[in-house]
Amino acid sequence: GYISPSLGVKFADIPSGLDAIGKVPALGVAQIVAYFGFVEFAAGFDDYKPGGTPGDYGWKALTSSDPAERTKKLQAELANG
């Protein structure tokens, strides 16, 4: 398949690792950067506002209603990175 049919660049032409950065067309890189910016401003920007709690998305995946259990789980998550 082609990564850019208009430029004739195939996926097979793109090397692995950091060498790939220079081979991806500039508009492709701009599209990736624009998407990341959209995601940050549309979904994650409230976490960085004063009073917001980074990582608190309003649903309980690792937490518990028991405060001791919640603290234990959150400390384990922080310790594991």
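Biologist: Let's start with S4. Which residues does S4 touch, not counting residues up to four places away in sequence?
Modeller: Leaving out residues up to four places away in sequence, S4 touches V9 and P25. Keep in mind that this is a predicted model.

Biologist: Where does S4 lie?
Modeller: S4 is part of strand β1, which covers residues 2–4.

Biologist: And is S4 buried or exposed?
Modeller: S4 is buried, because its relative accessibility is 9% and the cut-off for buried is under 20%.

Biologist: You mentioned P25. Where is P25 found?
Modeller: P25 sits in the loop between β2 and α1. Its relative accessible area is 16%, so P25 is buried.

Biologist: Nice. What about K23, where is its place?
Modeller: K23 is in the loop between β2 and α1. With a relative accessible area of 49%, K23 is partly exposed.

Biologist: Which residues does K23 touch?
Modeller: K23 touches V9, I14 and P15, once residues up to four places away in sequence are set aside. The C-alpha atoms of K23 and V9 are separated by 8.7 Å, and these two are 14 residues apart along the chain.

Biologist: Let me zoom out. What does the secondary structure of the chain come to?
Modeller: There are 2 helices and 2 strands. Reading from the N terminus, the order is β-β-α-α.

Biologist: How much of the chain is made up of buried residues?
Modeller: Buried residues are 9% of the 81 residues in the chain. The chain exposes about 7,000 Å², and carbon and sulfur atoms supply 61% of that area.

Biologist: What share of the contacts with a separation of 6 or more comes from residues 24 or more positions apart?
Modeller: The share is 0% in this chain.

Biologist: On to aromatics. How many aromatic pairs does the structure hold?
Modeller: It holds 1 aromatic pair. Y35 and F36 form that pair, which is tilted, with 6.3 Å from centre to centre and 50 degrees between the planes.

Biologist: Why is it called tilted?
Modeller: Planes under 30 degrees apart count as stacked and those over 60 as edge-to-face, with the rest being tilted. The planes of Y35 and F36 are at 50 degrees, so the pair is tilted.

Biologist: Are Y35 and F36 buried or exposed?
Modeller: Y35 is exposed, because its relative accessible area is 51%. F36 is exposed too, with a relative accessible area of 53%.

Biologist: Which residues make the nonpolar surface patch?
Modeller: I32, Y35, F36, F38 and V39 make it, and the patch is about 530 Å². I32 has its place in helix α1, residues 26–44. At 45% relative accessibility, I32 counts as partly exposed.

Biologist: Last topic: confidence. What pLDDT does the chain average?
Modeller: The chain averages a pLDDT of 80, and 73% of the residues score at least 70.

Biologist: Which of the elements has the lowest mean pLDDT, and which the highest?
Modeller: Helix α2, residues 67–80, has the lowest mean pLDDT at 84, while strand β2, residues 9–10, has the highest at 88.

Technical notes:
Residues are numbered from 1 along each chain as its sequence is written. This is a predicted model: local features need pLDDT of at least 70, side-chain atom pairs count only at pLDDT 80 or more; totals for chains, interfaces and linings use all residues. Side-chain values use heavy atoms; hydrogens and water are left out. Helices (H or I, at least four residues) and strands (E, at least two) are DSSP runs, numbered from the N terminus. Buried means under 20% relative accessible area, exposed over 50%, partly exposed in between (1.4 Å probe, protein chains only). Contact means heavy atoms within 4.5 Å. Rings of Phe, Tyr and Trp (its six-membered ring) pair if their centres lie within 6.5 Å; planes under 30 degrees apart count as stacked, over 60 as edge-to-face and the rest as tilted. Accessible areas come from the Shrake-Rupley method with a 1.4 Å probe; for residues, only the protein chains shown count as cover. pLDDT is the predictor's confidence in each residue, from 0 to 100. Patches are made of residues with over 30% relative accessible area and no salt bridge: like charges are joined within 9 Å, nonpolar side chains (Val, Leu, Ile, Met, Phe, Trp, Tyr) within 5 Å. A salt bridge is a side-chain nitrogen of Lys or Arg within 4 Å of a carboxyl oxygen of Asp or Glu.
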